[in-house]
Amino acid sequence: MKLECTIDSKSLTLHVSSTKPLSLMLIEDVGVKSMLSHCRGKACGNCIVLVNDVAVLSCIVPAFRLKDAKIRTFETFQRTRLCRDIERAYRATGNKPCPDCYPSKTLLIESILTELMSSTRSREEGTVDEKAIMQELSLNTCPCMDATELLAITIQAFEYRRRRRGTN
Amino acid sequence: MEPTRSPMIHQPRTLNELSLLFQRIEKPLLWAGGTYLMSKSEYYPSPSNRQIIDLAEIEELKRINRTDRYIDIGSMVNASSLLSAGKLILPSILKSALGSIIGHITRRQITIGGSVCEPESRVAFSTALSVLDAQAEIRQWEEGRFTATWIPVNRLYDKDGSLLLRNTAFVLTKIRLGLEWGDFQRFVLIDNPIRKPDTAILVAFQATRNQTALTKVRFSASFPKKAFYISPELENQLSLLSFPVHPDRVNSISYEMVHDLTNRHESITEFQAERTRRVFESFLHELNIQTLS
């Protein structure tokens, strides 16, 4: 099928099979370097990208659901201010994911921050449900980091995001 | 290398358009959330060129409707929107089942209809829905038209947990839940059924406490790719108990349950059976505590 979409701010027309998974399209047809694995829908959590600003597992999104979609991979996300909040949290806590899962874990944390910022209570009071965040973080199966380390990074990044939104 | 075959995709907007497609296409592949279909090893590239009907555009399948007597949940409602839209109207057991799916990213993609029709029962809905006596509206394609019937969710599967209708042309359009729920509801999921199907168990229990007795007892356990366990005999046996039950009796009932379970489903590992026994036992102990307090 002929698929028109925007990937990392570039308008593209791709000729792909209608059922091709987005993760494979990004690897084979677009050459996205931050996309390293295709787990064939086994939910390894290492292929997260943003489709129309919503985080998805790209291995379970078929090409036919991407008509006119705006896809953002880690390659453009890392240049945004949103990513800086998370990178600051990596530095502040002295921990960061391994190169294999760095893009996915960062986008996973971003999706959690988006959820938290959309909740009025969390945004205004800075309260978070640690158990729920731990469950969200377990979506990525790379064992390079301890769950509590990732939780600390997420809470720290949330604090930076709240402060930044508060000053805007 | 790009495979030469690219399945044709149809995106109907109404159930009428869907029925027109069923007239034209032989054995179409219905696409709900896609999480199960895309996790199959032969998914891509696939030699099959079955035409696909994507149900995502049919608004009628995305509605949640509550009346005085029941809640209807459209089959294309995803777990995330059901969880957020239904916090006030859903039974706690269904909320636990929805919450057990790892991450809002996955919850946004999994649809209730897709997970009920998924042939390996890896997702928790069916287990929870079966103890809630939920009914599924099934529209079967027979002799050139759809015929709608309501089927209890626990009758959609054989004892191995496989979908009985898998070789039939049908669409699941909605799930109906009555509003009379038991006051004791528990749902337990251990291990991720997608990542660890060999050790995962899903257990649901519902009952209404009536002084020292239980009424409307429902118990269901699922083992991904292996079994879907319900036992009216066990439920009757529990209804006859007078609480509190002596711990030795709790122990013996739990072993009887496991004996029945493993007799009916040989593929269940000892580990899974023991896990199920302990979870089941914990429900009875909890009922004992609530009776005594």
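## Helix H1 of chain A

Contact here denotes heavy atoms within 4.5 Å. The structure is a predicted model. In chain A, helix H1 spans residues 22–30, and its buried residues are Leu22(A), Ser23(A), Leu24(A), Met25(A) and Leu26(A). Several strands of chain A take part in covering the buried residues of H1(A), among them E1 (2–7), E2 (10–15), E3 (48–51) and E5 (70–72).

Gly31(A) follows H1(A) and has a positive phi, near 75°.

## Extent of the interface between chains A and B

Chain A contributes 35 residues to the contact between the chains, and chain B contributes 33 residues. The area buried between chain B and chain A is about 2,700 Å², of which 52% lies on carbon and sulfur atoms.

## Polar and charged pairs across the interface

The interface of chain B and chain A holds 3 salt bridges. In one salt bridge, the side chain of Glu136(A) meets that of Arg107(B), with an N to O distance of 3.1 Å. Polar contact across the interface of chain B and chain A involves 13 residue pairs, with both residues at pLDDT 80 or more.

## The chain B side

On the side of chain B that touches chain A, strand E3 (52–54) and helix H4 (104–109) of chain B each provide at least two residues. H4(B) accounts for the largest share of this side, with 6 residues. By residue class, the side of chain B that touches chain A comprises 15 nonpolar, 12 polar and 6 charged residues.

Definitions and conventions. Residues are numbered from 1 along each chain as its sequence is written. Chains are lettered from A and ligands numbered from 1 in the order in which they are written. This is a predicted model: local features need pLDDT of at least 70, side-chain atom pairs count only at pLDDT 80 or more; totals for chains, interfaces and linings use all residues. Side-chain values use heavy atoms; hydrogens and water are left out. Buried means under 20% relative accessible area, exposed over 50%, partly exposed in between (1.4 Å probe, protein chains only). Helices (H or I, at least four residues) and strands (E, at least two) are DSSP runs, numbered from the N terminus. Buried area is the accessible area (1.4 Å probe) that two parts lose on being put together, summed over both. A salt bridge is a side-chain nitrogen of Lys or Arg within 4 Å of a carboxyl oxygen of Asp or Glu. A polar contact is a pair of N or O atoms within 3.5 Å; within protein, one must be able to donate a hydrogen and the other to accept it, and residues adjacent in sequence count only if both atoms are side-chain atoms. Ala, Val, Leu, Ile, Met, Phe, Trp, Tyr, Cys and Pro count as nonpolar, Asp, Glu, Lys and Arg as charged, and the others, Gly among them, as polar.
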